[in-house]
Amino acid sequence: MSIVRIINGKNNELHRMKTMVDYLNDSTKQVWQDEELSEIDLVRSYGVTFENAFLVFKSMHYSYGYPGTRLYYHILISFDDEKVDPLMATEVGFEINDFWKQKGVQFVQGTHCIPTPHCHTILNAILPLTGKKLSIRKNDIFAYKIFANEVLKKYSLNLIKMYMKEEVLVNE
């Protein structure tokens, strides 16, 4: 069974958002079969680059007057399938995150190899075109899982279970 977890970022903690963005490209988590993989293979983004993601996210919050609210969402996508290597995890994860691209959400995604290939995604909680806050509710999580399962089916990977317990947002 594959897993998706959506975790609320804490309020008023820019240093935590910076730590989370930096964590996506942690070289100690990018070792696969005794070989260190590169950022080029494992990091993807939409609307930002990995290098400027934190500054862009932070600037958006201040530009639109939301400095004291939720800054980001953290998504974990874990694949329970032996045939998934880090490069496949990166591609499948990015395809699953098309869900957010279609909504105009800026994000950065990184794949970790330890203990098994899995993706972390940090979503900016401000929508850049409108300045509105991104609010992820249970029905959004359900729609995201349906979208993810369509991608997983395409690759013949284990699907995400669709039960309510996983749909509760967890605070970091």
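Q: How many aromatic pairs does the count come to?
A: A pair of aromatic rings is described by the distance of the centres and the angle of the planes. The rule here takes rings of Phe, Tyr and Trp (its six-membered ring) and pairs them if their centres lie within 6.5 Å; planes under 30 degrees apart are stacked, over 60 edge-to-face, and the rest tilted. In this predicted model, that gives six aromatic pairs. Take F99 and F147: their centres are 5.8 Å apart with 65° between the planes, so the pair is edge-to-face.

Q: Which parts does the pair of F99 and F147 tie together?
A: F99 sits in helix 5 (residues 98–101) and F147 in helix 6 (residues 138–154), so the pair links parts that are 48 residues apart in sequence. Helices here are DSSP runs of H or I with at least four residues, strands are runs of E with at least two, and both are numbered from the N terminus. There's also one aromatic cluster, formed by F99, W100, Y144 and F147.

Q: Is F99 buried or exposed?
A: Buried means under 20% relative accessible area, exposed over 50%, and partly exposed in between (1.4 Å probe, protein chains only). F99 has 8%, so it's buried, while F147, with 22%, is partly exposed.

Q: What is N149 in contact with, leaving aside its neighbours within four places in sequence?
A: Contact means heavy atoms within 4.5 Å. With those neighbours set aside, N149 touches L159, I160 and M162. N149 lies in helix 6 and is buried, at 8% relative accessible area.

Q: And where does I3 lie?
A: I3 is part of strand 1 (residues 3–8). Its relative accessibility is 24%, so I3 counts as partly exposed. Beyond its neighbours within four places in sequence, I3 is in contact with L76, I77, S78 and I160.

Q: Which residues form a nonpolar patch on the surface?
A: Like charges are joined within 9 Å, and nonpolar side chains (Val, Leu, Ile, Met, Phe, Trp, Tyr) within 5 Å. Here F142, I146 and M162 form such a nonpolar patch, with about 240 Å² of accessible area together; areas come from the Shrake-Rupley method with a 1.4 Å probe, and for residues only the protein chains shown count as cover. I146 belongs to helix 6 and is partly exposed at 40%.

Q: Which residue has a positive phi of about 65°?
A: Most residues other than glycine have a negative phi, and most peptide bonds are trans. D34 has that positive phi although it isn't a glycine. D34 is in the loop between strand 2 (31–32) and strand 3 (35–36), and it's exposed at 80%. As for peptide bonds, the one from I114 to P115 is cis, with omega near 0°.

Q: Which element has the lowest mean pLDDT?
A: pLDDT is the predictor's confidence in each residue, from 0 to 100. Where pLDDT is low, the predicted coordinates should not be read in detail. Strand 8 has the lowest mean among the elements (48), and helix 5 the highest (97). Over the protein chain the mean is 88, with 91% of residues at 70 or more.

Q: What is left out of the side-chain values?
A: Residues are numbered from 1 along each chain as its sequence is written, and side-chain values use heavy atoms, leaving out hydrogens and water. Local features need pLDDT of at least 70 and side-chain atom pairs 80 or more, while totals for chains, interfaces and linings use all residues.

Terms used. Patches are made of residues with over 30% relative accessible area and no salt bridge: like charges are joined within 9 Å, nonpolar side chains (Val, Leu, Ile, Met, Phe, Trp, Tyr) within 5 Å. A salt bridge is a side-chain nitrogen of Lys or Arg within 4 Å of a carboxyl oxygen of Asp or Glu.
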